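Hi,

Please find the structure below. My notes on it follow.

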Amino acid sequence: MRAAANIRTQPNNKATIIRTAPQGEVLREFSRSYDDWVEVGDTKPQGWMFGKYLVPVKP
């Protein structure tokens, strides 16, 4: 992640914040909305964050 970012219950800026993910945390992408919100989590989806904060992980 580029910077710390809020993980929310729904893919919009007004949704409840579940937690704030710190910069550098590795999250898996489960789905993506038409307007660049990404459903993220570890082994299962945890919530939504805006896609501009994500950086691809190098294999």
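I start with F50, which is partly exposed because its relative accessible area is 28%. (Buried means under 20% relative accessible area, exposed over 50%, and partly exposed in between, with a 1.4 Å probe and protein chains only.)

Before the rest, the ground rules. This is a predicted model: local features need pLDDT of at least 70, side-chain atom pairs count only at pLDDT 80 or more, and totals for chains, interfaces and linings use all residues. Residues are numbered from 1 along each chain as its sequence is written, and side-chain values use heavy atoms, with hydrogens and water left out.

**Aromatic pair**

How many aromatic pairs are there? The count comes to one. (Rings of Phe, Tyr and Trp, the last by its six-membered ring, pair if their centres lie within 6.5 Å; planes under 30 degrees apart are stacked, over 60 edge-to-face, and the rest tilted.) The partners are W37 and F50, with ring centres 5.4 Å apart and planes at 70 degrees, so the pair is edge-to-face. It links distant parts of the chain: W37 sits in strand β4 and F50 in strand β5 (residues 45–50), 13 residues apart. (Strands are DSSP runs of E, at least two residues, numbered from the N terminus.) W37 is buried, at 8% relative accessibility.

**Nonpolar core**

Which residues make up the largest nonpolar core? There are nine: M1, A5, I7, A21, L27, V38, V40, M49 and L54. Strands β1 (5–8) and β4 each supply at least two residues of this core. (A nonpolar core is a set of buried Ala, Val, Leu, Ile, Met, Phe, Trp, Tyr and Cys residues joined through side-chain atoms within 4.5 Å.)

Look at M49 in particular. Leaving aside residues up to four places away in sequence, M49 touches M1, A5, N6, L27, D36, W37, V38, V40 and L54. (Contact means heavy atoms within 4.5 Å.)

**The β3–β4 loop**

D36, one of the contacts of M49, lies in the loop between β3 and β4. D36 is not a glycine, yet its phi is positive, at about 75 degrees. Its relative accessibility is 28%, so D36 counts as partly exposed.

S33 is found in the loop between β3 (28–32) and β4 (37–41) too. Is S33 buried or exposed? Buried, because its relative accessible area is 18%. The side chains of S33 and D35 are joined by a polar contact of 2.5 Å. (A polar contact is a pair of N or O atoms within 3.5 Å; within protein, one must be able to donate a hydrogen and the other to accept it, and residues adjacent in sequence count only if both atoms are side-chain atoms.)

**Salt bridges**

The structure holds three salt bridges. (A salt bridge is a side-chain nitrogen of Lys or Arg within 4 Å of a carboxyl oxygen of Asp or Glu.)

- E25 pairs with R19, the closest N and O atoms being 2.7 Å apart. E25 is partly exposed at 22%, and R19 is partly exposed at 30%.
- R32 pairs with E29, the closest N and O atoms being 3.0 Å apart. R32 is partly exposed at 42%, and E29 is partly exposed at 42%.
- D36 pairs with R32, the closest N and O atoms being 2.4 Å apart.

Shared partners join E29, R32 and D36 into one salt-bridge network.

Best wishes

Note on methods. Helix = DSSP H or I, 4+ residues; strand = E, 2+ residues; numbered from the N terminus.
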